[in-house]
Amino acid sequence: MSKKKPTAQFKADSQVSRDANNVATVPDQMRAGYAARERRHHRVVGALAAAAVVAALGCGYGYGVYRFQNCFTPRTTVNGMDMSGKVQADVQAAIEEQAASYQDAVTVGEYQFTVTGDVIGYGRDAAGAAEAAWAQHNPYTWPLDLLVGKGIQVDEGVSYDENLLRTTVSHAASEYDSQHVQNGTVTLSYDSETHTYTASGQAEGTALNPDAVLAAMQEDIAALKTETNLDASQGMRPAQVEDTDIYRAGDIATRDIAANIDLNVNGETKTHINYEIVNWVWCDEEGNLVVDGDAINTWVKTMLGDALNTSDDTTNYDLDEDGAAEVITQRLQAGNTSPIELPMNATLRPEGESKQAYEAGASWDSSMGRYVDVDLSAQYARFYDADGSTLWESAIVSGNTSEDHATPQGTFYVNALMTDQELVGLDENGDGESDYTSYVNYWMPFVGNMVAFHDATWRTYFGDNIYQYDGSHGCINLPYKKAAELYNVLQVGDTVYVHD
């Protein structure tokens, strides 16, 4: 261990000198040494502090990258909607909600109207749009996004029905024109040979230009805008003959009269309206469209009536005559010549009573193998498999007992399966000609070739006691669908058991 130097010796070794007043003087060399050591100290402290700041910033940045890997950074918008902290699924839900409430407020000069999304079949590919929005998200730029914000715009999957949009704009134009276009000197002339109306003359006023408005709306809808604005010079034009009420009346009348309109029942075309329309639709001397609803009502009740009544296995469908006349009238007033689904009143048919009667008295005979059980009293038939399971069943109409055409009873066998047959009746009235000729789609005879199961499309009802006053000539009449079903499961040689 070294010994501590005496104070006198320490002072002697020191480079510091003192004057007569005991004021210390430090040599420059010694002063420079002290300064250098001080600078080194500050550099070390500064470096350590900077390293600490960098480390802190790095940790914060890394946490931010981790934090925003699965969600949008604060101050992020998608199509103007705040998506701060939201995930991709939230964007999809928001776009779906936005699409459901979409509307375009249209202004043309001083005229305004609004088109809602449901009217034009507006839709968005919300999933695709959300995916596209998320593709623009970058978690590594979160400090900048947080500082200045990030606006994301996506327009994937915008869809709408162009025909519906065109029709909507056309209706808006008609509404505007009805208030701002005058007929002026426009008149109608009628050609009785071609049944066409022609308008001529000069219209007055200002009309909406539907083509210009439509083009502007299509552009704005595609860009997700909710407002379409055109000044009068863009969206209006001088009135033309085609803008007048007189022209529209003549155009509707001409289209109606030339139409061949399908009348459908349960989606199936049953008949048409064509040449009758010329007596229902015309334009009067003032150019007004006239649709004679009374004449249409009379025609429906006289010409349609029971002719279009139909049924299926359980239900009767009777034509709603008043409703049919009303819908036909409305369609012609609008110039809509598309097929018309006629309104029908549906009621359950009382065939169920026949089935109940059959159920009460029927029992499966295991000794008969596969067989069709025909219960004349219940007016019901059922096809049993050899194990007793039911392969087919239906209400029926058997032979007319009031005219001695009762269906023969006994045990028989199916001897043929045929389609597209023409049935020619006997000459029972002695006039030298067959009493009837009927076409059937399915013919399944079991008593020679004279008595068979077959479809009877001319009938509306089956079951109950119809056979007692309006039965067949001995055959088993079936609904078309049931005849087709039986034809597909029946085999030649199958037993047919007919009984009361």
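Asn79 counts as buried, at 13% relative accessibility; buried here means under 20% relative accessible area, exposed over 50%, and partly exposed in between, computed with a 1.4 Å probe on protein chains only. The structure is a predicted model, in which local features need pLDDT of at least 70 and side-chain atom pairs count only at pLDDT 80 or more, while totals for chains, interfaces and linings use all residues. Residues are numbered from 1 along each chain as its sequence is written, and side-chain values use heavy atoms, with hydrogens and water left out.

Asn79 is placed in the loop between strand E3 (76-78) and strand E4 (81-82). Such elements are DSSP runs numbered from the N terminus, with helices (H or I) of at least four residues and strands (E) of at least two. Asn79 has a phi near 55 degrees, a positive value in a residue other than glycine. Most residues other than glycine have a negative phi.

Asp464 also has a positive phi, near 60 degrees. This residue belongs to the loop between strand E28 (451-455) and helix H14 (467-470), and with 26% relative accessibility Asp464 counts as partly exposed.

A further loop residue is Asp243, found between strand E13 (236-238) and helix H10 (245-257). Asp243 is buried, its relative accessible area being 6%. Leaving aside residues up to four places away in sequence, Asp243 touches Asp177, Val181, Ala207, Arg237, Pro238 and Arg248, where contact means heavy atoms within 4.5 Å. The side chain of Asp243 also reaches the backbone nitrogen of Gln240 at 2.7 Å. A polar contact is a pair of N or O atoms within 3.5 Å; within protein, one must be able to donate a hydrogen and the other to accept it, and residues adjacent in sequence count only if both atoms are side-chain atoms.

Asp292 caps the N-terminal end of H11, with a side-chain oxygen 3.2 Å from the backbone nitrogen of Asp294. After H11 comes Gly305, whose phi is positive, near 45 degrees.

Ile296, Trp299, Val300 and Leu304 are the buried residues of H11. They lie on the same side of H11 because they cover an arc of only 100 degrees around the axis, the arc being that of the directions from the helix axis to the C-beta atoms. These buried residues pack against several elements, including strand E14 (261-265), strand E19 (315-319) and helix H12 (321-334). The face turned away from the buried side carries the exposed residues Asp294 and Thr302.
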